[in-house]
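Biologist: I am new to this structure, and I would like to understand what lies behind the words used for it. Could you take me through them, setting each value against its rule?

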Amino acid sequence: MSDAGIMVKATGLTKGFGSGLTRLEVLDDLDIEVTTGEMLAVVGPSGVGKSTLLHLIGLLDRPEQGRIVLDGMQTDDLDPSARAGLRNSTIGFVFQHHHLLDELDALDNVALPLRISGEGSGLARDRAAELLEAVGLTDRSSHFPDQLSGGEQQRVSVARALAMRPKLLLADEPTGNLDRVNSERLFQLVTELHLKAGLTSIIVTHNEEMARRCNRIFRLAPRVESSENVRKI
Amino acid sequence: MTFGAELHVASRYLVGTRRWTPVVTVTLISVFGLGLGVFALVVTLALLDGFQSGIRSQIVAHAAHAEVWPTTGRRIEAPGNLASLLQSELGTVEIVQIVKGTCLVSSDTDAVPASVVGRSDTDRVTVDRILSRRLGVGVGDRLEVISARQRLTPMGPLPVRIRTEIARIASPRPGAESGEVVLPIEQAQRLLWGEPVIEAIELRDAEYPWSLGERARKVLDNNGVAVQVAGLEELHRPLLTALALERVMIFVAVGLMLVVAALNLLCNVAMVAAEKRKDLAVMAGLGFTPPSLRRLFLVLGLSIGLIGSVTGAVLGSGLAVVLDRTGALELPRGVFMVEAVPFSVDPMTVGLVVAVALGLAALAAWLPARMVARREPAEGLRYE
């Protein structure tokens, strides 16, 4: 079967933590497929393995069993450096707790993936400035994370995720720590950038209303998963 | 992937900290510990070098820089030709012809066995302090030097003897334990051989004393002269070996402070690795490879090592120079050859100390770096 038009194809994913009596099986023989350009919401109760799934797809962790193909590339046999290179070039991450580096200001935080890729400081900072402008934070570029509000921190995090012009955006409860107004603003921003940049996005969320605004919802339940189409955005 | 991102993040970790954290405190303690270790080692070695260079200066000032003697037997064949050859090939080298032996030396009150040296560069009698003390004699006193060689007289065989007057009292040779009397060469030849024999040739070169032996050996080899040659190193090997051994032992003993400081640094870097676990996971998520993470921690460890060791080296060298120039640490007169504790800062030694400190810092950073690089990024995110 051809995988053309498929950004993420994961089959038979199994992942657990601990061993023996204390072992917790989180994902068991899970299959998931995300088409290119799709915005997929992953929902489910706490502890069901949403973040674990995102970590596996984002090559932040390795499954115990199963295979993951990203943009047509088989990832199982890649060594840690190759996985890191693929994360840098292809995947953008937005974490629930923003995870900005406290010692870097907003501009340097956004420029970091570019610096990691080998881009020179000047070009990296120029691109970071463009992205901060896109998320409406030009005037906050020299502020450090602890000088930004929660919403601003998360917008910087979104800008950082898009620094390398990734094909795949992975967001782990990006609005989880924000109030309703900021959640809405951030979700709109992510949606706009998803369309503008032609991204494929996987968003883990507890917010049913936001999930329904995605193309598709992937529901994770203990040992049971289902998929439903919602609407075009 | 370039080194820029690691350097950028490491520099921000080191100097970009905007609030006082335990990591900052422990980092400063690491810098202080390493600096103190380097400081102590630099000052100690400067002190040792000061004393040792004093001893070396004494050797150069008072002893032969090279010595030539026959391969077999005691007399050098055609010593005049040999001296001319060395003089012409080695340039401005001072050449002294020598005869040596052991005689009984007596004063009015006592008689002791002593070394007798006849030298071509002196025309007066010199006695060293050891002998003058044993015999209780001084300048102007008369000595009798009695040889083991005998001459036949109407009264039967009698030992050859000379009577002479002491013209000078000199410091003993470095390491000398028995007394020595130096005579003009003709007197000594008459006393020891009864004919103009030369047993050895001493060479001195004020400009390059330590390489003179090697140069003389080359000249004599090239001209096919079969004699033995010893330079300063060979002539004073036991003393110089003892000095070198002392230096190594002191380096190792005081260097243990650096090892303790490096262990402290290891704890510090491990603590940074633990406190920055989330950051490291995020950086890995953004594309830092395991080698990049290792480099980041090596840069951190080496930066702490560099700041500490350079500070310690500068302060240690500065203190040693000041103490040497001002002579602030005075020594009891008559006990030591010098009036104040001497210090000598050797840039090579300081460089070696800094290099050792940096090596230990790199090693201390390597272990946590290796641990960090082995983690999957999700581990750091999961245990937040």
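Modeller: Chain B of this predicted model is divided into domain 1, made of 4-59 + 239-382, and domain 2, made of 66-232.

Biologist: How far apart do the C-alpha centres of domain 1 of chain B and domain 2 of chain B lie?

Modeller: Those two centres, of domain 1 of chain B and domain 2 of chain B, lie 52 Å apart.

Biologist: Turning to chain A, why is Lys50(A) called buried?

Modeller: A residue is called buried if 20 or more other C-beta atoms lie within 10 Å of its own, and Lys50(A) has 24 of them within 10 Å, so Lys50(A) is buried. Lys50(A) lies in helix α1 of chain A, which covers residues 50-57.

Biologist: Which residues does Lys50(A) touch, not counting residues up to four places away in sequence?

Modeller: With those set aside, Lys50(A) touches Val42(A), Gly44(A), Val204(A) and Leu220(A). As for Ile203(A), 153 residues separate Lys50(A) from Ile203(A) in sequence, while their C-alpha atoms are 9.6 Å apart in space.

Biologist: How many residues of chain A are in contact with chain B, and what makes up that side of chain A by class?

Modeller: Contact means C-beta atoms within 7 Å, and by that rule 23 residues of chain A are in contact with 26 residues of chain B. The elements giving two or more residues to this side of chain A are α2 (80-90) and α3 (106-116) of chain A, and α2(A) gives the most, with 6 residues. By class, the side of chain A that touches chain B has 10 nonpolar, 8 polar and 5 charged residues.

Definitions and conventions: Residues are numbered from 1 along each chain as its sequence is written. Chains are lettered from A and ligands numbered from 1 in the order in which they are written. This is a predicted model: local features need pLDDT of at least 70, side-chain atom pairs count only at pLDDT 80 or more; totals for chains, interfaces and linings use all residues. Domain bounds come from an automatic or database domain assignment. Helices (H or I, at least four residues) and strands (E, at least two) are DSSP runs, numbered from the N terminus. A residue is buried if 20 or more other C-beta atoms lie within 10 Å of its own, exposed if 12 or fewer, and partly exposed in between; C-beta atoms are placed from the backbone. Two residues are in contact if their C-beta atoms, placed from the backbone, lie within 7 Å. Ala, Val, Leu, Ile, Met, Phe, Trp, Tyr, Cys and Pro count as nonpolar, Asp, Glu, Lys and Arg as charged, and the others, Gly among them, as polar.
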